[in-house]
Amino acid sequence: MEKKYDVVIIGSGSGMFVAYESVFRGLSTALVDKGPLGGTCPNLGCIPSKMLMLPADRVVEIDEASKLGIEAQVTHIDFPFIMERMRRSVEEAQQHLRESFAALRGLDFYEGAGEFVGEYELVVGDTHIRGDKFFVATGSRPTVPQIRGLDTVNFLTTETLLELTSRPRSMAIIGGGYIGVEYAHFFAAMGTQVTLIEAAERLVPGEEPEVAALLKHALRKRMQVLTDIEIEQAVRGARDVRLLVKERRSGARFAVTADTVMLATGRRSNADLLRIDKTGVETDERGFVHVNDFMETNKPGIYAVGDANGRYMFRHIANIEATLAARNAFGGKREAMDYSAAPHAVYSYPQIAAVGLTTDEARKEHDVLVGRARYMDTATGEAMMETDGFAKAIVEKDTRRILGFHVIGPHAPSIVQEVINAMTSGGHIGEIEKALHIHPALPELVQAAFRNLTPD
């Protein structure tokens, strides 16, 4: 069977923003997805992982309550309940999404794996689908590093760990980026003995150096943290796994032993699973689709958004990319994607959030002022006895335009939102200075950081 559409969307995560726009405009629209419906975020990524981080936060808060004069302890953690609650939520969200597909008139949904057989032709099962415009929103999958012997051991990925029903006694997590530090926090809070291993010299390498240093200091209170490490071999034992590692700086070799190994070593685009090479669309070595600032590939009428293009692998940014791509494709007016106020958050403990440039990035093109403030500089931070957390503001010297803002500490993702709004609406520190701030409240941390600007 052969079908022809104005628009073909592959992927039901951020791709749904294109689908809604296409159907609204009266265009014949096909949506192709092999599942899980809704994409990575609600099924395998941000939503289920954050449902796990919240109970982990509570455990650590109870453990730290003594600093406020409260003696409390965790007497029992129902790990199976925590995992099942997360899975049940995912299943309910999938059911709601499936119902929304059925209610969306003008959308033909093909549940199955698609594969390109030509420039503008896709095969799903027995159906050949042709389209005038294609939108690739296929997400990403975990990468498996080239470590000798790794193929002989059982390991978890960020996807398969969601199927756990019992708590691992010990775990070695390979990768100290955003995902690695979040799950290190979770499993350590659950009572697992965690060893976190990162190849770079510091954790979360994309963050400010002092943010990474504080995170390492905090996590080391609860687990073993190894940085600047090369893993030379994985060896399967009768009941455990041994990782033979080398410390790059000293050259010292030793073994890390754990019941379970988890991989958090990055992700690669799923676009290759479509045989996208048959369209002539250009990709890089990890399969990420090359796009311009308009989300266009090198082939007219083919767009790629979200993790498929690998620019900024966060769902909130993917949604904006998809919305913009739809406008560019259907609206007759081209609009470039602006990432200057693109934020992100890391739900470790302490939490991290940032928007804009790092200090090193900003210095390359701007004369900058830098302002720092500690949580303890605010009344609420002092009441919390938050002695370590801080914020850092980066501003262009002459214009006082906000270039970046970084926070590590409690509620960091909520605190940074004010700066995101200011950067989006005008980008000048006056957007912050003129606004009344509730006293006492944590957003005063933002004010304090901008008040302390000095040449850096």
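Is cysteine 41 buried or exposed? Cysteine 41 is buried, its relative accessible area being 13%. The points below concern a predicted model.

1. Overall fold. The protein chain comprises 13 helices and 23 strands. Its radius of gyration is 24 Å, close to the 23 Å that the globule rule gives for 456 residues, so the chain is as compact as a globular protein of that length. The C-alpha trace spans about 70 × 65 × 45 Å along its principal axes.

2. Burial and contact order. Of the 456 residues in the protein chain, 52% count as buried. When contacts between residues at least 6 apart in sequence are considered, 63% of them join residues at least 24 apart.

3. The disulfide. The structure holds one disulfide, formed by cysteine 41 and cysteine 46, with the sulfur atoms 1.9 Å apart. A disulfide is a covalent bond between the sulfur atoms of two cysteines. The torsion about the S-S bond of cysteine 41 and cysteine 46 is about -135 degrees, and the disulfide is therefore left-handed. As for accessibility, cysteine 41 is buried because its value of 13% lies under the 20% cut-off. Cysteine 46, at 26% relative accessibility, counts as partly exposed.

4. The second largest pocket. This pocket has a volume of about 800 Å³. Its lining consists of 31 residues, and those closest to the pocket centre are Glu61, Glu64, Tyr349, Glu386 and Pro410. By class, 14 lining residues are nonpolar, seven are polar and ten are charged. Helices α3 (46–63), α6 (209–219) and α10 (412–415) each supply at least two residues of the lining. The most is given by α3, with six residues.

5. Helix α6. Besides its part in the pocket lining, α6 has a set of buried residues: Val211, Ala212, Leu214, Leu215, Lys216, Ala218 and Leu219. An α-helix has 3.6 residues a turn, so residues three or four places apart point the same way.

6. Phenylalanine 24. This residue belongs to helix α1 (residues 15–24). Which accessibility class does phenylalanine 24 fall into? At 71% relative accessibility, phenylalanine 24 counts as exposed, because the value is over 50%. The C-alpha atoms of phenylalanine 24 and glycine 106 are separated by 8.7 Å, while the two residues are 82 residues apart along the chain.

Definitions and conventions: Residues are numbered from 1 along each chain as its sequence is written. This is a predicted model: local features need pLDDT of at least 70, side-chain atom pairs count only at pLDDT 80 or more; totals for chains, interfaces and linings use all residues. Side-chain values use heavy atoms; hydrogens and water are left out. On a 1 Å grid over the protein atoms alone, a cavity is a set of points where a 1.4 Å probe fits but cannot get out, and a pocket is an open set with protein on both sides within 12 Å along at least five of seven lines; lining residues have an atom within 4 Å of a point. Grid points are joined across faces, edges and corners, and a volume is the space filled by probe spheres set on the points. Helices (H or I, at least four residues) and strands (E, at least two) are DSSP runs, numbered from the N terminus. Ala, Val, Leu, Ile, Met, Phe, Trp, Tyr, Cys and Pro count as nonpolar, Asp, Glu, Lys and Arg as charged, and the others, Gly among them, as polar. A disulfide is a pair of cysteine sulfur atoms within 2.5 Å. Buried means under 20% relative accessible area, exposed over 50%, partly exposed in between (1.4 Å probe, protein chains only). The radius of gyration is taken over C-alpha atoms; the globule rule is 2.2 Å times the number of residues to the power 0.38. Contact means heavy atoms within 4.5 Å.
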